[in-house]
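Open the model in your viewer and keep the selection tool ready. Each stop below says what to select and what is there.

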Amino acid sequence: METVVSGIRPTGNLHLGNYFGALRNFISMQNEHNCYFFIADYHSLTTHPTPQDLHGNVRQILVEYLAAGLDPEKSTLYIQSDVPEVSELYLFLNMNAYIGELERCTSFKDKIRQQPNNVNAGLLTYPTLMAADILIHRATKVPVGKDQEQHLEMTRTFGNRFNRLYNVDYFPEPQAFNFGQELVKIPGLNGSGKMGKSEGEGNAIFLADEPGDIRKKVMKAVTDAGPTEPNQAKPEAIQNIFQLMKVVSTPETFEYFDEKYNTCQIRYGDMKKQLAEDMILFTTPFRERIKAILSDEEYVSKVARMGKNKAQESAAKTIREVREIVGFKKF
Ligand code: TRP
């Protein structure tokens, strides 16, 4: 059994890309592994220092995680700031994280470009905070996408450095959790790239979207003038809507439109109408559960408290041991 840790920043609702990319795998992982899934609200301050409604954003993700099928009895579902032990480990790790290596981090260089007026120390030390999230539970596996691989590599560097400096074999080396073929790429609706909340208005279909919104977004999805030759290769935008259909529609529906494309009889309007209805069918149970859980304040509080207690049990043990290793002693 592995100890698995994964965090998500509370910067928007969950969309189909989140669901097919990671969430679906989290749900199956929780039966086999010791999983910690948390909401990285400390991290969100590196880019949004004065959030409008931090608590509401955190609550929304927690509710959507539950609605999607994460089970608070099986996994430890918690909020990062509920476990201040994380920030203490962050402090220790920062003492042995070198400015040079932090400055070389790709995500830091990107952020400098994106927010030149707020190049804060939290941004620079984002990788040490993420390492603290992972090392606090002495995790062995981290399900991350390509964009987080460098952060995971830095986590290994910090953990190994700690072991070497204090001459212990304390932190295991966390590895990327490989979903193998399970990883399905979900494209967005505006013709290129992947589904994402920051990829522009209307690009993502959210689990909480109302049917009317889904219809509107899908009907606006980018297409082209249509194929002119039989079995013509599909350009990216067209591949994208077929890929979306593949994940939400039946195989028969997919085959039907694929055949229409290959025989140059495709009518994108019809295809998009069908895609929208199938997306509505797919997301409706999620939307209904999200609404039900959102209104059950007592349940949401109970889940958060339970997660906090379980996460703190593991985190407090690590901090106790790290303090001892570094040389802090009780008077
Ligand atoms: N940096 C991750 C992201 O942007 C979020 C994150 C924070 C995380 N701490 C983590 C992911 C620990 C995995 C493990 O997606």
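## Stop 1

Select E101, which sits in helix α5 (residues 99-103). Helices here are DSSP runs of H or I with at least four residues, strands are E runs of at least two, and both are numbered from the N terminus. This is a predicted model, in which local features need pLDDT of at least 70, side-chain atom pairs count only at pLDDT 80 or more, and totals for chains, interfaces and linings use all residues. Residues are numbered from 1 along each chain as its sequence is written, and side-chain values use heavy atoms, with hydrogens and water left out.

Is E101 buried or exposed? It is buried, because its relative accessible area is 17%; buried means under 20%, exposed over 50%, and partly exposed in between, with a 1.4 Å probe and protein chains only. Now show the partners of E101. Leaving aside neighbours within four places in sequence, E101 is in contact with N96, M154, T157, F158 and R161. Contact means heavy atoms within 4.5 Å.

Next, select F92, L93, N96, F158, R161 and F162, which line the largest cavity. Helices α4 (85-95) and α9 (149-165) are the elements that give two or more residues to this lining. The most come from α9, with 3 residues. By class, the lining has 4 nonpolar, 1 polar and 1 charged residues. Here Ala, Val, Leu, Ile, Met, Phe, Trp, Tyr, Cys and Pro count as nonpolar, Asp, Glu, Lys and Arg as charged, and the others, Gly among them, as polar.

The space inside is about 40 Å³. How many cavities of 30 Å³ or more does a search of the whole structure find? It finds 1. The search uses a 1 Å grid over the protein atoms alone: a cavity is a set of points where a 1.4 Å probe fits but cannot get out, a pocket is an open set with protein on both sides within 12 Å along at least five of seven lines, and lining residues have an atom within 4 Å of a point. Points are joined across faces, edges and corners, and a volume is the space filled by probe spheres set on them.

## Stop 2

Colour domain 1 (3-184 + 297-326) and domain 2 (197-291) separately. These bounds come from an automatic or database domain assignment. The C-alpha centres of the two domains lie 33 Å apart. Their contact takes 14 residues from domain 1 and 15 residues from domain 2.

Now select L16, L62, Y65 and M279. They have the most contacts inside the largest nonpolar core, which has 58 residues. A nonpolar core is a set of buried Ala, Val, Leu, Ile, Met, Phe, Trp, Tyr and Cys residues joined through side-chain atoms within 4.5 Å. Helix α13 (residues 268-294) gives the most to this core, with 9 residues.

Centre on Y65. Beyond its neighbours within four places in sequence, Y65 is in contact with I8, L14, L23, F26, F37, L70 and L77. A second, separate core of 37 residues includes A40, Y78, A132 and L152.

## Stop 3: M271

Go to M271, in helix α13. At 1% relative accessibility, M271 counts as buried. Apart from neighbours within four places in sequence, its contacts are I241, F242, M245, F257 and I266. Draw a distance from M271 to K260: the C-alpha atoms are 9.8 Å apart, and the residues 11 apart along the chain.

## Stop 4

Select G200, E201, G202, N203 and K217. Of the 15 residues that line the second largest pocket, these are the closest to its centre. The pocket has a volume of about 280 Å³. Its lining divides into 5 nonpolar, 5 polar and 5 charged residues.

## Stop 5: two positive phi values

Most residues other than glycine have a negative phi. Select N167, which has a positive phi of about 55° although it is not a glycine. N167 is in the loop between α9 and β5 (175-176). With 71% relative accessibility, N167 is exposed.

Finish at C264, where phi is near 60°, again positive in a residue other than glycine. C264 lies in the loop between α12 (251-262) and α13. It is partly exposed, at 31% relative accessible area. Leaving aside neighbours within four places in sequence, C264 is in contact with P227, T228, E229 and P230.
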